[in-house]
Structure formats: C-alpha cells, structure tokens
Amino acid sequence: MDRRLFPRTLALVALVTAAATAGAPTATAESPAPAATRLDATIDAILADSRLAGAQASVVVKNAATGETVYHRNGERRLVPASNTKLLTSAAALELLGPDHRFRTGVHAGGPRRAGILTGNLYLRGGGDPTMLAADYDALAARVAASGVRVVTGNLVADDTRYDDTRLGPDWTWDDEPYYYAAQVSALTVAPDTDYDAGTVIVSAAPGATAGARPVISTSPATRYLRFDNRATTVAQGDTTISFERAHGGNTVVVTGQIAVGEAPESDWVTVWEPTGYAADVFRSALRRHGVRVLGRTVLGTPTPAGATEVARHDSMTLAELMVPFLKLSNNGHAEVLTKEIGRMLAGSGTWSAGIAAINGYVSGAGMDPATFRQRDGSGLSRRNLVPATEFVDLLTAVRSEPWFPAWYAALPIAGEAERFVGGTLRSRMRGTPAAGNVHAKTGSLTGVSGLSGYVTDADGRVLAFSILLNNYLASSVKALEDQIAVALASYTEKDGAAARVAPRTLPNPPGPEDRECSWVKPIAC
C-alpha cells in the first residue's frame with residue numbers, strides 16, 4: 001500500500017469499527033471490544049480501499065478444526081478464481097490418481113529384430129509426462145541402442161493417443177497462445193528445464209560480432225522443430241528490445257528488436273505448435289547421436305500396436321513430488337495434464353470433459369456444493385470458471401483429513417520464503433510479518449482478477465482456512481490488500497489486551513505484472 005494512504009486506512013478502520021460496534025456495550029480499557037468485532041472492522045476497512053471501488057470482493061475465513069465462521073463477506077458470490085482453480089485439480093488428482101501415481105513414456109519395437117536391424121516401426125509412446133526433458137529422451141535413445149538396434153527400416157511413430165487431440169482449452173484467449181503459461185497439451189511433449197513448462201522451447205538471441213549483424217539465435221533444448229525469421233539487429237550501444245513471437249498455426253518464430261554488442265543473450269520461453277512433433281524431433285536427434293538410424297518418416301498420432309515389444313521406458317517422479325513444481329510455480333500445463341490423466345484413468349477418456357467431471361465428483365464429496373460452482377479447465381486460465389469463496393474454504397477444511405494432505409499442504413506456496421521451490425509465487429510477499437513462513441496458500445491472477453486461498457495459523461495457534469477473491473478492479477494491483485488480510489489473520493487473537501488489537505499494515509505490492517502469476521513472468525525474480 002502507498003504510505004500516503006496509511007492515515008486514510010486508519011481512519012477507515014475507526015469508522016468501520018464504530019459502525020460494527022454500534023448498539024454494543026461501549027469498549028473500555030477494562031472491557032475492550034470483542035476480538036472478532038475488531039477483526040471484522042479491520043478486514044472491512046481493507047476491503048474499503050479505493051483500489052476496489054466498483055469491484056467485487058469475496059472473503060471467507062473459518063476455523064479449520066471446528067468449521068466455525070470467523071469472517072464472511074459475499075461468500076456465496078460466484079467469482080472468477082484464476083489459479084485458485086488448481087486447488088480443486090490438485091486435491092482431486094492426489095485422491096483419484098494417488099500420491100504414488102507416475103507417468104510412463106515407452107519405446108516399443110513394432111517388428112522383429114535381428115543383427116541390429118528392426119524390421120518395422122519404432123514407437124515412442126507418450127504417457128502424459130509433463131516433466132520429460134531432452135536428457136530423458138536421450139536416455140531412452142541410449143537404451144534403444146544398448147538393446148542392439150542400429151537400423152529401423154520403418155517409421156518413427158509418435159504415439160500421443162493416451163489423450164485426445166484438443167490442444168488448447170476451449171475458453172482460452174487467442175493472444176495467450178504464444179506464451180508458455182498457455183502451452184498446448186499433449187500426452188507426448190518436452191519441457192526445456194526443471195520448471196517443467198512442457199511444450200515450450202527456450203529461445204535465446206546473442207549479439208552478433210559487429211554492429212549491423214543479425215543476432216545469433218539458439219534454442220534449449222536444441223531442436224530443428226522451430227524455424228526463425230530473424231529481423232533483429234545488433235547495435236553498437238543501446239537498450240535490449242529483443243522480442244520473440246510465434247504466429248498461430250505454425251512454428252516460425254519472428255525475432256525483432258535490437259541487442260548491443262557485448263550484451264548478455266536475451267532469452268524467452270516460446271510455445272510450440274503441436275508438442276508431439278517437438279518430442280519426436282528431440283527423440284529422433286537423440287537416436288542419431290547414439291548411432292540408431294531411422295530410415296522412414298516421423299509419423300504423429302498413431303497408436304502403438306498391442307503386440308509391440310517394449311525396448312525402453314522412463315517413469316516420471318511421483319505425483320506427490322510433482323505437486324511441488326505444480327503448485328509452487330502455478331504451472332498451468334501440469335493442471336491440464338492432470339485433468340486429462342484423471343479422465344483417462346477414471347473414465348477411459350483423456351479429455352477435459354471427462355477429467356473435469358471426475359474432479360467435480362470428488363470435490364463435491366469433499367465439502368463443495370456442485371450447484372454453486374463451475375469449472376471449465378484444470379488451471380484457471382478460463383474466465384468461465386466461477387467459484388464462491390465459501391466453497392474453496394469448505395474444500396480446504398475437508399481435505400485436512402486426507403492421508404495425502406501433508407504433502408499437498410507442503411506443496412502450497414509459503415509466504416515470505418525466498419527459496420523458489422518453497423515460497424513459490426508467495427516468496428516475495430508478506431516478508432517480515434506474522435504471515436511469513438506461516439501462510440500456505442494458492443495465488444491466482446488474470447487481468448482484473450486476483451485470489452489467495454489457503455491456510456494461516458493465528459496468534460492463538462488456531463489454523464484458519466481462508467479464501468480471498470477479488471474481481472473487476474481497475475487498479476494495477478490489489479495483492480497488497482490480500483496480504484494485509486492474511487497478516488491480520490496471522491495476528492488475530494481472542495485474548496484480552498493490546499495483543500488482541502488488529503490493525504492493517506502498509507505492505508508493498510509484489511513485483512511483476514498483475515495479469516499473470518509471478519512465476520509466469522520468467523525474467524522477474526519475484
């Protein structure tokens with residue numbers, strides 16, 4: 001919050017407190033106002049901030065052990081939850097797939113092998129693993145070579161049929177498509193690094209040797225799947241303005257802007273069109289490096305025959321382990337893969353509709369009322385998702401009894417913890433406050449949408465489940481208001497005396513643009 005607004009906020013606290021306690025016994029030093037009344041006044045004052053003028057705000061807080069309501073403001077109002085949607089997807093995945101669930105990627109021989117020759121096709125069978133790295137495909141290729149195969153007379157077949165061929169969420173906006181938080185979903189894909197943003201390539205532009213030269217373009221992992229229209233320029237001096245844009249429907253990346261001689265390379269994450277082909281390209285290159293020649297073409301989307309022989313396989317980390325990069329970094333791709341995997345495992349259909357039906361079935365039995373919310377994807381990127389804050393709180397309260405809860409709770413971002421895979425999207429928020437190291441919560445951001453839902457332990461040691469949903473605001477950021485509420489909850493006590501007094505604190509806005517999760521904007525160390 002701007003420090004110039006702090007006196008105004010304190011004045012609002014006084015006004016709201018007066019209204020909240022009207023008709024009640026007068027508070028004195030010997031008989032202070034009830035703690036709950038003071039907390040209500042504090043949160044009401046925070047929500048009266050001018051940044052929420054004309055906006056919609058919904059806040060619900062409950063004692064997670066007893067279910068007792070601690071604070072309620074528009075709790076039944078359906079609002080766009082953004083990435084808070086991942087709470088539903090992740091909880092359902094742990095329950096329906098199990099914490100030990102793994103994704104399997106296999107290589108199968110579709111014919112006889114003799115004297116180093118495979119007479120037939122070689123099948124790369126995708127199991128949905130969103131953590132497959134180029135190194136994993138290299139290891140698979142090494143095992144194929146170690147099995148004695150040197151020549152494949154047929155095709156390299158990339159089998160992505162575990163899921164359907166709908167690559168993008170039906171409600172996602174077209175202008176998100178080039179960005180890695182909206183990558184296409186396939187059962188066979190590649191992640192460029194251990195953030196596991198599957199279906200993306202890290203593209204780098206290094207300055208040329210002299211002014212006037214084109215920048216030097218490279219990719220990680222190395223791949224021929226992308227083509228580059230390099231219109232950028234190396235300059236003698238000046239700011240770096242390099243931009244990478246992939247057009248709809250293909251894999252040509254247009255590079256524009258400038259970079260000065262001697263400057264560090266400029267990099268960004270770019271989505272690919274058709275991740276299955278990307279995975280096949282990376283694997284085929286790995287086979288070549290290990291001395292395995294494929295004489296035929298690369299064919300996409302054909303199922304592996306039932307009689308094909310497994311030559312090599314890679315099993316992913318467990319689902320419980322995947323929860324850490326998924327929830328800490330708010331990875332959209334993980335949410336969508338898990339949605340389709342749930343559909344495949346429970347209904348035999350790797351589709352969004354089957355997965356969402358199963359997710360809704362689980363959360364409806366875990367405290368949520370199916371008549372009150374709508375879920376359209378796994379990640380929250382769709383603006384047609386609508387969930388009331390009270391339903392999030394009911395789910396947060398119910399899942400504490402699940403055997404997988406400790407792993408899920410630990411995987412939520414933790415306020416003020418600087419380590420990226422501990423603090424996650426909350427690592428720069430609420431530092432130096434009672435909420436730091438205390439609040440475990442899922443963040444959410446879209447333009448005009450912000451949310452924070454999770455757990456906080458108050459000053460009396462009670463675990464509170466809370467959900468804050470803010471929609472339709474015009475301010476650049478309202479996350480500082482969420483943080484003020486979380487700090488007020490962490491400071492809340494029902495004991496008498498000065499320690500029971502709760503007042504909003506001036507907190508800075510977290511770094512990074514408001515319309516995307518902090519972790520979605522890679523160059524920003526938020």
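1. T189 sits in the loop between strand 9 and strand 10 (helices, H or I of at least four residues, and strands, E of at least two, are DSSP runs numbered from the N terminus). T189 is buried, at a relative accessible area of 4% (buried is under 20% relative accessible area, exposed over 50%, partly exposed in between, with a 1.4 Å probe and protein chains only). Its side chain reaches the backbone nitrogen of G199 at 3.1 Å (a polar contact is a pair of N or O atoms within 3.5 Å; within protein, one must be able to donate a hydrogen and the other to accept it, and residues adjacent in sequence count only if both atoms are side-chain atoms). Leaving aside residues up to four places away in sequence, T189 touches D129, P130, M132, Y137, A198, G199, P275 and A279 (contact means heavy atoms within 4.5 Å).

2. A note on the basis. This is a predicted model, in which local features need pLDDT of at least 70 and side-chain atom pairs count only at pLDDT 80 or more, while totals for chains, interfaces and linings use all residues. Residues are numbered from 1 along each chain as its sequence is written, and side-chain values use heavy atoms, with hydrogens and water left out.

3. Strand 9 covers residues 156-159. L156 and A158 point one way from this strand, V157 and D159 point the other way, and all are buried. In a regular strand the side chains alternate between the two faces of the sheet.

4. Strand 9 has parallel partners. Strand 7 (residues 122-125) runs parallel to strand 9 and is joined to it by 4 bridges (two strands pair if DSSP finds at least two bridges between them). Strand 19 (residues 298-300) pairs with strand 9, also in the parallel sense, over 3 bridges. L156 is the bridge partner of L122, and T298 in strand 19 is the bridge partner of L156.

5. The largest nonpolar core has 55 residues, and M323, V399 and W408 have the most contacts inside it (such a core is a set of buried Ala, Val, Leu, Ile, Met, Phe, Trp, Tyr and Cys residues joined through side-chain atoms within 4.5 Å). Elements giving two or more residues to this core include helix 3 (86-96), helix 6 (319-328), helix 10 (405-411) and strand 23 (449-457). Apart from it lies another core, of 41 residues, among them L122, V144, F244 and V311.

6. M323 touches S90, A93, L94, K328, L338, W408 and A411, with residues up to four places away in sequence not counted.

7. The count of salt bridges comes to 21 (a side-chain nitrogen of Lys or Arg within 4 Å of a carboxyl oxygen of Asp or Glu). D394 forms one with K62, the closest N and O atoms being 2.9 Å apart. This pair links distant parts of the chain, D394 in helix 9 and K62 in strand 1 (residues 56-63), 332 residues apart. D394 counts as partly exposed because its relative accessibility is 21%, whereas K62, at 14%, counts as buried.

8. R246 and E177 meet through their side chains in a salt bridge, 3.3 Å from N to O. R246 belongs to strand 14 (residues 243-246) and E177 to the loop between strand 9 and strand 10, 69 residues apart. R246 is buried, with a relative accessible area of 4%, and E177 counts as buried at 8%.

9. The side chains of E482 and R429 also form a salt bridge, 2.9 Å from N to O. E482 is in helix 12 (residues 479-491), and R429 is in the loop between helix 11 (420-423) and strand 22 (440-446), 53 residues apart. E482 counts as buried at 0% relative accessibility, as does R429 at 3%. Elsewhere, salt bridges that share partners join D458, D460, R462 and E494 into one network.

10. The whole structure holds 11 aromatic pairs (rings of Phe, Tyr and Trp, the last by its six-membered ring, pair if their centres lie within 6.5 Å; planes under 30 degrees apart count as stacked, over 60 as edge-to-face and the rest as tilted). Y225 and Y278 have ring centres 6.3 Å apart and planes at 20 degrees, so the pair is stacked. Y225 lies in the loop between strand 11 (216-220) and strand 12 (227-230), and Y278 in helix 5 (residues 275-289).

11. F405 and Y455 form an edge-to-face aromatic pair, at 5.6 Å centre to centre and 85 degrees between the planes. F405 is in helix 10 and Y455 in strand 23, 50 residues apart, and both are buried. Ring pairs link W404, F405, W408, Y409 and Y455 into a cluster.
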